Amino acid sequence: MRIRHADEADLPDLRRLDTELFPALAYPHFVLRQLLELHPDGLFVLEDDASLHGYILSATTEDSTEAWILSLGVSEKLRGRGQGRRLMQQALRNLRDAEVQQVLLTVEPANAAAIALYMSLGFTLQGHLKDYFGMGHDRLLLGRRL
């Protein structure tokens, strides 16, 4: 499995993967295109010779002191094999190199595997966001310094 920056040719496969991973919250194609244009250094894909199996998307604030992990996803067949950790480590290295000082993300409170991964990478609980994605869709806010 290789990790590399995404490019425009990845958008159809990225959309397919995002829809598989997050059916109710998947980014529309045009949003993925805009995110790639706005944050080309923040979108990494995980691939083998056949297709994409994961991705991570980060975005920095205008002054580049803070960044958000907007999405992290790994195909179901590769979960639990360290690929999400590899993607997060790549994104964190990239953000550190860009002199970002703090990284934030949100996670579904019931997603114990993701929370454990983030905590093992130094993220701590910053708060609870009620109805973040609409009524009854709470999120935990996690953050860490770089």
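Which residue forms a salt bridge with Arg2? Select Arg2 and look across to Glu47, where the closest N and O atoms are 3.5 Å apart. A salt bridge here is a side-chain nitrogen of Lys or Arg within 4 Å of a carboxyl oxygen of Asp or Glu.

Before going on, two notes on what you are viewing. This is a predicted model, with residues numbered from 1 along each chain as its sequence is written. Local features need pLDDT of at least 70, side-chain atom pairs count only at pLDDT 80 or more, totals for chains, interfaces and linings use all residues, and side-chain values use heavy atoms, with hydrogens and water left out.

**Stop 1: the charged network**

Stay with Glu47 and Arg2. Glu47 sits in strand E2 and Arg2 in strand E1 (residues 2-5), so color both strands: the pair links parts of the chain 45 residues apart. Helices (H or I, at least four residues) and strands (E, at least two) are DSSP runs, numbered from the N terminus. Glu47 is buried, at 13% relative accessibility, while Arg2 is partly exposed, with a relative accessible area of 39%. Buried means under 20% relative accessible area, exposed over 50%, and partly exposed in between (1.4 Å probe, protein chains only).

Next, show Asp10, whose side chain meets that of Arg4 in a salt bridge (2.7 Å, N to O). Arg4 is partly exposed, with a relative accessible area of 26%, and Asp10 is buried, with 7%. Select Arg2, Arg4, Asp7, Asp10, Glu47 and Asp49 together, and you have one network joined by salt bridges that share partners. The structure as a whole holds eight salt bridges.

**Stop 2: helix H1**

Move to helix H1, residues 11-21, and select its buried residues: Leu11, Leu14, Leu17, Asp18 and Leu21. Look down the axis of H1: these buried residues fall within an arc of 125°, so they line one face of the helix. The arc is that of the directions from the helix axis to the C-beta atoms. An α-helix has 3.6 residues a turn, so residues three or four places apart point the same way. On the other side of H1, find Pro12 and Glu20, which are exposed. What covers the buried residues of H1? Among the elements to show are helix H2 (29-38), E2, strand E3 (52-60) and E4.

**Stop 3: the nonpolar cores**

Now select Ile56, Ile69, Met88, Leu105, Val107, Tyr118 and Phe123. These have the most contacts inside the largest nonpolar core, which has 25 residues. A nonpolar core is a set of buried Ala, Val, Leu, Ile, Met, Phe, Trp, Tyr and Cys residues joined through side-chain atoms within 4.5 Å. Strands E2 (43-47), E4 (66-74), E5 (102-107) and E7 (139-145) and helices H3 (83-97) and H4 (112-120) each supply at least two of its residues. The largest share, five residues, comes from H3.

Zoom in on Met88. Leaving aside neighbours within four places in sequence, its contacts (heavy atoms within 4.5 Å) are Ile56, Ile69, Leu72, Leu105, Leu117, Tyr118, Leu121 and Phe123. A second, separate core of 14 residues includes Ala6, Leu17, Tyr27 and Leu52.

**Stop 4: Gln83**

Go back to H3 and select Gln83. Is Gln83 buried or exposed? Gln83 counts as buried, at 11% relative accessibility. Not counting residues up to four places away in sequence, Gln83 touches Met1, Leu46, Val74 and Leu78.

**Stop 5: two loop residues**

Select Glu99, in the loop between H3 and E5. Its phi is near 65°, a positive value in a residue other than glycine, and Glu99 is exposed, with a relative accessible area of 63%. Then find Asp131 in the loop between strand E6 (124-129) and E7. Phi of Asp131 is near 55°, also a positive value in a residue other than glycine, and Asp131 is partly exposed, at 27%.

**Last stop: the largest pocket**

Finish by selecting Phe22, Leu72, Asn111, Tyr118 and Arg139, the closest to the centre of the largest pocket among the 37 residues that line it. E4 gives the most to this lining, with seven residues.

Technical notes. On a 1 Å grid over the protein atoms alone, a cavity is a set of points where a 1.4 Å probe fits but cannot get out, and a pocket is an open set with protein on both sides within 12 Å along at least five of seven lines; lining residues have an atom within 4 Å of a point.
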